Structure formats: C-alpha cells, structure tokens
Amino acid sequence: MSINSSYVRPPFRKLRAYAFDPSLSLAVDTVTVNTITYRVEWENLDVYSTETNRTVPSGDYIEIIDIDPASGVLYDPVDLDHPHLLAQDGLQPDVGDPRFHQQMVYAVIMVTIKNFEQALGRKIQWSDRRLPADARIRNHYVQKLRVYPHALRRANAYYHPGKKALLFGYFPSRSGDARLQVPGSTVFTCLSHDIIAHETTHALLDGMYSQYIQPTHPDTRAFHEAFADIVALFQHFSFPEVLKHQIARTKGELASQNLLGQLAQEFGKAIGGYGSLRDAIGGIDPATGQWQPHQPDPNEYDTILEFHARGSILVAAVFEAFLTIYKSRIRKLLRVATGGTGKLADGDIHPDLVDLLAETAASTAQRILKICVRALDYCPPLDINFGDYLRALITADFDLVKDDVHNYRIAFVEAFQRRGIFPEGIKTMSVEALRYTELPAMNQLKINEALFGEFLKSFKDDVGYLTDRREIYEKTKKYIAGSEDTKAGLHYRIISKLLEKISVEELLQLTGLYFGGTPADCRKNGFNYSSRSKSAAYWVDHMWLASRISPDDKIVNNVVITLTQQRGLKCQLDENDHFSIKGYAPPVAEAKEDLYRFNGGCTLIFDLDNMRLKYVIKKGIDDKARLENQFRYCYGNSMQDDHTYFSENILAGLAGPFAFMHSH
Ligand SMILES: [Zn+2]
C-alpha cells in the first residue's frame, strides 16, 4: 500500500511551453512573453500504449507517437509524471529536445479539447472509424487520436480523418524573413500553438459532423478552415500574459482597433501563409506606415470562392465582433483611468491598467471562443454555410445568456452583414429574425407522447453521471439502437411510434427527412415508390447530452440529436446548362456509386428542463433547389473526391503516403 494514497489529486498539471512558437523567442521584445505555463486538466498518463504496444505518452484522448519516419528513430517519450518534471512544470522550452516537443503538443491539444468540453457541456468524442458498407459493424469507436509530432520532413501539418491522426512536419526555414526565423534553422510545426490548435480543431469538428468534409457548398471546406483558425486565434488571446506586453507597448492605440488587429496579423505571419488571418484582418498602409483594419466589402461573400480566402471572410467577421465588444468593454475603464477624458497622457501607462486591459481582452476572447464552439450544437449536420453558422451563434448564445448586456449578438450580426453574409430566407438582419424560432407548443404534445417523455429523461439519468468517454459512447449507442435496458431505441421510436402520431408529411415538414409510407405518400412527396420505401433508411448520427452552465449559474440541459439520410439520384446538366433529375428514389442506406449522392439531415435540440423539442435545424432531403445548387457546384468544380484530409499548405505540396503508419 502506498503511504501517500490520501493526497488529493491536483486539478491541473502545469506545463511550460511557447505561447506562440519558437521564432518569437528570437525577437528581443517578445522573448519574455513567449513562454507561458499551460494549465492542463489533470489526467492519468501512461508511458506505454496498450493499443499500439509502444512506449509512448498516452492519455485518455490522445497518444503521442514520436517516430521520425525519415530516420526511423523512435524518440524517447516524455514522462510527465516524473517527480522532477512535476516539480518544475515540465521541461523547459527547448527546440532541440523532442521530449519537449511532445510536452508542447500534449499541452496545447489538451487545452483545446477542454475548451470544447467546457463550451459544449459534455465530453468530446473523435469521429468513428467508418468501415466499408458491407462490413457487419459499420462504426468503430476511436478512443485516442494519434499524434505524430515529427511525421514528415515537409512544410506541412494535417489532420487525417481516415487514420484518426494529427501529423506535424518540420522543415528548414527559408531565408525570407530573417526576423522571424533564423535561415537554415529547422521549423517545427509541432511547436506552434496556432498550428496545433488549428489541427486539433479539425479533428474535433470532424468528431461532431463528419459530413462537413464533403465540399457540397462553397462554404463547407471554408468553414472547416475558418473555424480552426477562429479557435486558434481566440484561444491565443485568452492568455492574459500574451497581451500584457503588447498593451503596455502600444499604449496610445488602446482604444483603436490596431492593437489586437496587428497582433492577430503577427500570428498569421509567424505561421507564414498558413492561416487565413493575414489579409482578412488588415495590413500596413504603405502611405502612412500605420496598420489599418481591412474595410470589408459587402460583395465579398458573393464573389470570393477559393476556400482559404472565403474562410478568411468568416474569421474576419468574428474578429471584428470581438474588437467591437472589447472596445465597448474598455471604454469605462479608460474613462476611470483618465479622469473622464478617455485619452491617455504621454508616458508609460500604469501597470495596473495594463493588467486590467489585458484581463478584459482575455475574458472577451474567452467568451467569444465559447460562443463560437457552443454554436456548433445548433448547426445542421451537413452542408453548412456561413449564414447557418451566424444563426447558430445567435440562437445558442440567446439560449444560455438571455441578457446580452455587452451587445455580443448585435456585434456579430453587424460584422456578418458588413461582409454580405445573409442567411437564406432571412429578410431583415436583426437578432430577432436570425434566431431560430422555437417550435410551437401544439406540435409538442404528440412528439412528447410518442418519443420523448421518459425516454430522454432516462437517457439523461443514465448518461449524465458517466465520466468515462467509452462508457458514454456505448451507453448512447444503446439508446439509439435499442437494448434490453432501454427497450426500443431512438431509431425505432421515430419510424414506428412517432409515425403513429403524425403523418409522413408532417414529419417531412418538421425534419426535412422522408420516412416512407404508402405508395400514395410517396407520390405526394415526389418520391418513387419501392417496397423499400415503406420504411426509408436513415441514420441517427449522434445523440448528445449537453449540460451547460449559464453565467448566472443555472444549469441548462439539452439533448442534441442529429439524423441524416441519403438518396441516389440521376441528375444531369444538358448542353443548355439545364438541370434535370431522372430518378426520385427514396432514401437508402448508401446510394449506388453511379448515382449522384444527395444527403439531407437535421439537428434536433430538446430542452430537457421543459421537456420539449425546441429547435429543428434542417437540410431537407426533398429540397430541390439545394440539390441543384449542390450538383452545379460539385460538377463545376469537379471537387467531389478532392478532400479526403486537411492538409495545410504551409509552403506547398501534399504529403505522400505514410508507410510507417499502422492502419487498423
Ligand atoms: Zn486547416
């Protein structure tokens, strides 16, 4: 028996790492702020992986496999539980020590994961490993993402959805900007906070909505990239230490947009051509030598289609909302500090004021990051566009924070409007119009009777107390598919019990999905009848319990369910560019390969505290306009198979095959 078994486990493990990346330690004025101590929620760590039978640092969410394929070397694993490391907050930053590289990727990935979990109010899961359609079990649980800090000798880093892996490259720096990199030195992408957070976000987003990988709309791929940048950027700004020195240095600029804009742009530069931040936010005006925010053009959204550039429209919109809120929050502070004028006198500003301003910026960034992540639960499960995301942002924030004292929501609406992002079917850009309407109570009774009531309550009771991710996953699966404990599962309840209460047509109207019925039902809804369409195929992709804490300490309990469907259609564009559909087959499990695959789906949000279905966010399987747009977009770009993974073109070139990887 261990004599120290009664000691309380600390809530956090402190780990030192770069706040930006090593290059900033070269510049005299940033060297002091470039090392920060990350606070990572404590978890048990192994130095041995039973999954891969290797000596590697391995936690609950990730394992870090530090093998260098070019040399075949397996680097020593860092032992973060070693008393010497525990006593000094981990290894000190050292570009030359691979064990420090492991420590840094571990710290940043875990901080990113925990930010998601806090905002979403639940444990995150990685996307399932999908097996071919003919396999008996289609989905396999993925416990750990594999992280390869030195996967390739290229200026590249990426998330590979098939392998469930993050791969980071390294490369000799180019002579371009000697201020940022010593020419001839090695640049490690695994030592950049922004690159690690960006790649981790791709994986987290894929764990929620695996269909966002499919380029079904000019916005889908752009959204993945933009969202990954947004998380990296605001996570960055949420460390007050990072901001203090900049605030002290540029004191005259405090009330203007320049300070944070310039800082954001520095981030983009430090990772060279990788982020979408550089041009989106602003630049130096050659005439004045002053940094100027980019003036958005209301035609941007209609005219910029290349996905990186398009993604930067979204990043810039969110960033502008952040600046607006930050400026309004510091106004009072500046008046107090200046005896009412709001104008600071010459000379250094008081360190206490620096602290207060940095804390305000950091807490605003934290709040924006939370809003942005939380909004994901209010997004459709596929075919997302920026307008959908704006509506999700507004609705999610309204649900949790009724009283919008700092006008966060208005700031978002205006920033999107200035860039021409108007959600479909919205006539006025106001918070009220953009918020999804809650379903009327009259629909609720039938839905509750048929489906929910006790079923969702017991789901909450069963899953709510679980903390082990695999147990949550397994238990949820039982609720979806049915089991002895849960009786009929959700899947069955929808096509049997719910359809006893409401018609196929009503359900189509509610969810945008088609659940089959009689030949007459089929014809009425524009589907051909086949014996299969008696119960059309569909998937329950996810069922999430979300328990979020509002700023006034109330717990809000939701269940979020996503349903998806697929139809195989014969579509064509004739020589006159006329679009036509030949087959109207009803949804099937997986459409034949020679057909055009069209997906529909919806996100259902249940309010458990009031026991009602609150919102349905849908992409209809019967939406012909969406089908035509998508078909034209995909064929016009012949982009259908192009995006199997997210490769960051840090310089150029896609990565080759990875012979060293084990595929399971
Ligand atoms: Zn990316």
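Helix H9 is followed by Gly 339, whose phi is positive, near 65°; helices here are DSSP runs of H or I with at least four residues, strands are runs of E with at least two, and both are numbered from the N terminus. This is a predicted model, in which local features need pLDDT of at least 70 and side-chain atom pairs count only at pLDDT 80 or more, while totals for chains, interfaces and linings use all residues. Residues are numbered from 1 along each chain as its sequence is written.

H9 itself covers residues 307-337 and reaches 44 Å from its first C-alpha to its last, close to the 45 Å expected at 1.5 Å a residue, the expected span being 1.5 Å times one less than the number of residues. A kink of about 30° is centred on Arg 331 in H9, where the bend is the angle between axes fitted to the seven residues ending there and the seven starting there.

The axes of H2 and H10 come within 8 Å and cross at roughly 70°, which makes H2 roughly perpendicular to H10 (65 to 115 degrees).

| Helix | Range | Residues in the contact |
|---|---|---|
| H2 | residues 98-120 | Asn 115, Phe 116, Ala 119, Leu 120 |
| H10 | residues 351-374 | Leu 369, Lys 370, Val 373, Arg 374 |

The residues of this contact between H2 and H10 divide into 5 nonpolar, 1 polar and 2 charged. The protein as a whole has 20 helices and 20 strands.

Conventions
Axes are lines fitted to C-alpha atoms, for helices over the stretch in contact, and angles run from 0 to 180 degrees between N-to-C directions. Angles under 35 degrees count as roughly parallel, over 145 as roughly antiparallel, 65 to 115 as roughly perpendicular and the rest as oblique. Two residues are in contact if their C-beta atoms, placed from the backbone, lie within 7 Å. Ala, Val, Leu, Ile, Met, Phe, Trp, Tyr, Cys and Pro count as nonpolar, Asp, Glu, Lys and Arg as charged, and the others, Gly among them, as polar.
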